[in-house]
Amino acid sequence: FKHLIDHTLFRPRDLLLIFRPLENGNYSIPLKRDDIKLLLDQYSDMLVKELRNELSSFYSDQQVQHIFVALGEIAKKSGYGGDAGVSYNDAVGCVEGCVSDVNAHELLEDLFNRSVIGAKEPFGLYKYKCREPIGSAKQYRLEKNDKIVVQYSVRSYVSTKYA
């Protein structure tokens, strides 16, 4: 279950989106590994569709399309494991190379606040705005010495669509 939750933005509707395909009756319980992978792939598609709709309130359709291209570039460069992520400056370069008429720093901040991207501190702590401790006096902020990582499900989507 933790594996499923790690792929979400920690919103109740994310659980509904992940488990929504179960209602068609084509899955056996308990879920098998392949079933979970399929559910997560379907969730990634639905999550990105929601994010596109959300972003379209603030950016043009072309900019939204290019934002996901930039996220694909960031994901491609970021690698996996303990050394995952790209430098803040590399992320800015990806955005500037893909999205026109948008301030790259402001866009990265916006994507961080929406938990589309996260930040990895130099000593290894991953920060996603959606996972900010409730009631904590210290709010997560995107810092220029952080590495930028793309949220799991968004990364899965852009890695297959923009590879």
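Let me begin with arginine 114, which is buried at a relative accessible area of 18%, where buried means under 20% relative accessible area, exposed over 50% and partly exposed in between, with a 1.4 Å probe and protein chains only. Please keep in mind that this is a predicted model, in which local features need pLDDT of at least 70 and side-chain atom pairs count only at pLDDT 80 or more, while totals for chains, interfaces and linings use all residues. Residues are numbered from 1 along each chain as its sequence is written, and side-chain values use heavy atoms, with hydrogens and water left out.

Arginine 114 forms a salt bridge with aspartate 110, their closest N and O atoms being 2.9 Å apart; the term requires a side-chain nitrogen of Lys or Arg within 4 Å of a carboxyl oxygen of Asp or Glu. Aspartate 110 also counts as buried, at 17% relative accessibility, and a network of salt bridges links Glu54, Asp110 and Arg114.

The whole structure holds five salt bridges, and another one of them joins glutamate 50 to arginine 13, with the closest N and O atoms 3.1 Å apart. Glutamate 50 lies in helix H3 and arginine 13 in helix H2 (residues 12-19), so this pair ties together parts that are 37 residues apart in sequence; helices here are DSSP runs (H or I, at least four residues), numbered from the N terminus. Glutamate 50 is partly exposed at 26% relative accessibility, and arginine 13 is partly exposed as well, at 39%.

Lastly, lysine 76 and glutamate 73 meet in a salt bridge (3.4 Å, N to O); lysine 76 is exposed at 53% relative accessibility, whereas glutamate 73 is partly exposed at 25%.

How values were computed: Helices (H or I, at least four residues) and strands (E, at least two) are DSSP runs, numbered from the N terminus.
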